[in-house]
Structure formats: C-alpha cells, structure tokens
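Here is a note for a colleague who is new to reading structures. Please keep the sequence and the model open while going through the points.

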Amino acid sequence: MEALMHFHLRKLHAVLPRSLSKACRRSHHCAAQHARSACTPPMPVTPMPLVSRLFQPSNLREGQEAGGLTCHSQRLMLQAGLIQLSSPGCFHYLPTAVRSMEKLVRLIDQEMQAIGGQKVDMPALCGAELWRCSGRWELMGKEMFRLRDRHNAEYCLGPTHEEVVTELLASQTKLSYRQLPLLLYQVTRKFRDEQKPKFGLLRGREFYMKDMYSFDVSEEAALHTYQSVCHAYRRLLDRLGLRWVQVQADTGNIGGTLSHEFHLPADVGEDRLLMCGNCGFSANVEALEAGRMDCPQCLTQPLTESKGIEVGHTFYLGTKYSQVFSAMFTNAQNKPALAQMGCFGLGVTRILAASIEVLSSEDSIRWPRLLAPYQVCVVPPKKGSKASEVIHMAEELAHHLGNCFPNLKGDVILDDRTQLTIGKRLKDAGRLGYPYVVVVGQKAMEEKPVFEVVCQQSGETLFLNRDGLLDLLSGVETI
Ligand code: ATP
Ligand code: MG
C-alpha cells in the first residue's frame, strides 16, 4: 500500500511545476506522518484547473443552425463547448457541463433529502412484463425504446419508473406503516423516442431526470407528501434564482387525479399556460376544457396566455400502480393495506438548458449563480506585456483562492493562455459566464496591487485590493 502511494506521488511530481511540487512534498510529508498514525492514505492533490487544458471543443457549424430546430440555449451551449451532438436528441455532456450538472444534482439531493427522500438507482433496462401488467407496454406506443435480449425476452429503456419502483416496493413483504411515508428518488438517464427531438437539451431522446416516488398510509398522508414535494420544488427553483409558475396540469399517460407542472416562462416553451390576474389561478391549456378562456375559479376574469418550458411535473397517483403490483404495507390494525402513491419528476438536463435559455444574453451565458461550472476565473497579463511581471501574482492568487477558501475549493480556474491578450480572454470568459472574473493587469503592479473584478451577475466592474477581493469572494455561495 505504502509503496503504491509513493509511486503515485512520484508520478504526480513529474507533472507538477517545481514550486508546486515542493509544496506537495511538504504536504505529503505531513500526510505520510498522519498516515502512519491513522493508517489513512494522504489526500490526492487536485491540480489547479487551467483554461488551456479544458476539453471544450466548440463545434457550432453553419449547417446546424439551418435545421430550424435550434434555440438560444442550444447555440450558446455548443459555442461554449458545453455539449456536442452525438445523434438526434443525444448529446455528449462535456466537462464544464458535467460540473454544472453535478452541482444541480447536489442541490436536488439537498432538497429531496430535506423532505425525507432516499436516493436509489434503478435499472434502465426494464422487463416488458411489468409494463404489460400496468397496460402501458401498448399505451406508450412509439415513444418507448424497445429491445430484446439473447433469450428473446422483451425490454424497454426506462422512460419513467412507476412500474419498476412499485414492484420493488411490492417485493418488501414486511413493510410496516411505521416505515411510511417512504420517498424513493433517483437521478438517472431516461429514454424517450421523441417524435421531434429539438432545442438541444430541452427535448432530448436520452436525458437526465430526477424522479421520486412516494408511498403513504392514507390518501390524506399522500396529499400531505404531495404538498411537501411541491414546496421542495418551489424552494429549489427559488434557490436557482429562476422565475417559475406552478400550474394545474393534465395527468397524461402517467395517470392519477391531481397534477401540477412547474414552468419557466419563455417564448421557446412548447406549453401554453393560462393565468388569471385576479385570483392567481393558472393551468396548462391541456388541463382545461377545450376553448375555455374565462377563469374557472373566479368565473368572470378572462385568462391570459403565455408560454412555458416544463421543468417539473407532480402527480398524485392514489392506488393506480400499487393495486396492479400489490404494493402493500401492514397498517396499525395489523391488516394489509395498499400504499397510496405519488410521483414527481424534474428534468435535470432540461433545467440546465432552460435556465441558460431564460437568463442569458445574446452572446454570453448567464448561469443560475449556484450552477456556474467555475465561480471565479483569474486572468493573468499577457506574456511579454509591460505587466507580465505579475503573472506569478495571478497564479499565486488563483491557488490561494482555490485551495484556502472552503467555499471556492476546485471552483477557481486560471486562464493561463498568456499568449492571448487580456481582452480576448475576457471575451471568452464572458461567453462561458463565470460569475467573477479577476483580472491581474497593470493595476496589480502598483505598490498596493489593485485587481479588476468583473461581476457578471450584477454587470459591475470593481477595483479592489487583495483584502477587498478576498472579502468579496469568501462570501460566494457554492454547492
Ligand atoms: P413534455 O410534455 O415536455 O414532453 P412530459 O410531460 O412528457 O414532458 P414527464 O413525463 O412529466 O414529461 O417528465 C418529467 C420531467 O422530465 C418533465 O417535466 C421534463 O422536465 C423532463 N423531460 C421530459 N421529457 C424530456 C425530454 N425529452 N428531454 C428533456 N427533459 C424531458
Ligand atoms: Mg409532464
């Protein structure tokens, strides 16, 4: 074990610059001592993220725009090297996009676990039998990706998991009312053979969804759970700083009796929403009687129409699925009873794209603050310029921020492409949308160095000394 550790560290030293290597040796020394006493290997050293090393291919070709199926967020995401098309409706998520998505998943985990959610991970390959039991093998039609294994057994690639999770629960023979409510959720790839995949991550054929399934002892308890999940969804969208609307929705082929959708208002949205300015009633057109334009709640007011991108959908299912699979628990009277269910979807990749869609300007991405792939980008002066003597100051600053500030750990990137002018790199930084860009230029050469800080969210540019800068950045919330 020890030998292996030394080998890894030797390899690491070979790729690190000299000055850093020394620091590592020092920390290795401490870590090795620690290791001997507590038998834990030293923490691996994470190198400073460098813009020159980012795998960020920008592949926006003329032809891709011509299809008429692109939108603002798709163009920006292609341009910034966040995603790349693989086949219709299927994308590579490139490193910067993965960082944002991981942040979003952490946020989702926090909110789901705050209301008692437990994370699971169910198979994507789902046996046809389950779907035949619920009647949805036929109902799902062409939207379902179907395949056969070597024994000729039929499967689908899960477009949603009501059947799978209900059967999982039904297999627990000793479930007691004391264990309910039970909230199981996962963040996994879903597969839907959409008729028209379009708008990048907004409508893919393979996409990430957070789906949660709830099991309760009674209808009343299930409705209570339903409300608490809706509340968690509202909190999550608020924490992202997004403007959202919750509307009454149609239950579609998932079924059930009560349903809401969460939308981000946007012109590119494919759903038509109707809202009442008087009583606050709001609904998806699909959930109202055809042609109805007056408010069904306060009757007199006409409804106004807008468009929205559906980012979340909640359903109260009752016993629709628990009945089919006999998902039972033992109640307080020691009798078996059917679980009352709810299901709750959030489009993870759709939220990423939709928030870029609604927040960004024409040519630069603006992220929900928490989801920016890196919070801070440090830009040193150009090599060979008058200010080039402070290049090392920029490097030191980036290391200090990225290693000593717990909130910024791993969230600081150095634009080390010092062969380019500061202006060119600022332009790139704007395009990717780092919330803070710190320029170490001419002003950093003064006796008391001053840094230029471009705050993308407020649009301000601040001139701060080192203490002021550290103060500002130590307050940045990250996840
Ligand atoms: P839509 O009406 O947009 O096709 P849906 O109502 O069929 O969506 P649900 O079954 O409610 O979708 O799925 C839950 C969530 O998953 C949706 O609210 C949406 O955010 C996301 N989602 C659904 N389909 C896609 C897709 N093709 N690409 C990306 N995200 C999707
Ligand atoms: Mg839906």
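1. Two residues are in contact if their C-beta atoms, placed from the backbone, lie within 7 Å. Helices (H or I, at least four residues) and strands (E, at least two) are DSSP runs, numbered from the N terminus. With these terms, Leu107, Ile108, Glu111, Met112 and Ala114 of helix H5 meet Ala232, Arg235, Leu236 and Arg239 of helix H9. By class, this contact has 6 nonpolar, no polar and 3 charged residues. Here Ala, Val, Leu, Ile, Met, Phe, Trp, Tyr, Cys and Pro count as nonpolar, Asp, Glu, Lys and Arg as charged, and the others, Gly among them, as polar.

2. This is a predicted model, in which local features need pLDDT of at least 70 and side-chain atom pairs count only at pLDDT 80 or more, while totals for chains, interfaces and linings use all residues. Residues are numbered from 1 along each chain as its sequence is written, and chains are lettered from A and ligands numbered from 1 in the order in which they are written.

3. How do H5 and H9 cross? The axes of H5 (residues 95-114) and H9 (residues 219-239) come within 10 Å and cross at roughly 150°. Axes are lines fitted to C-alpha atoms, for helices over the stretch in contact, and angles run from 0 to 180 degrees between N-to-C directions. H5 and H9 are therefore roughly antiparallel, a term for angles over 145 degrees.

4. Helix H8 covers residues 162-170, and its buried residues are Glu162, Glu163, Val165, Thr166, Glu167 and Leu169. A residue is buried if 20 or more other C-beta atoms lie within 10 Å of its own, exposed if 12 or fewer, and partly exposed in between; these C-beta atoms are placed from the backbone. The cover over the buried residues of H8 includes helix H6 (128-134), strand E7 (182-191), strand E8 (206-216), helix H10 (320-325) and strand E16 (340-347).

5. In helix H4 (residues 72-79), the buried residues are Ser73, Gln74, Leu76, Met77 and Leu78. Strand E1 (83-87) and helix H11 are among the elements that cover them.

6. Most residues other than glycine have a negative phi, and most peptide bonds are trans. Leu180 and Pro181 are joined by a cis peptide bond, with omega about 0°; Pro181 lies in the loop between H8 and E7. Phe199, in the loop between E7 and E8, has a positive phi near 55°. Is Phe199 buried or exposed? Phe199 counts as buried because it has 22 C-beta neighbours inside 10 Å. Asn334 also has a positive phi, about 65°, but counts as exposed because it has 8 C-beta neighbours inside 10 Å.

7. Pro373 is in the loop between H11 and strand E17 (376-379). Neighbours within four places in sequence aside, Pro373 is in contact with Thr96, Arg99 and Ser100.

Notes
Parallel < 35°, antiparallel > 145°, perpendicular 65-115°, else oblique.
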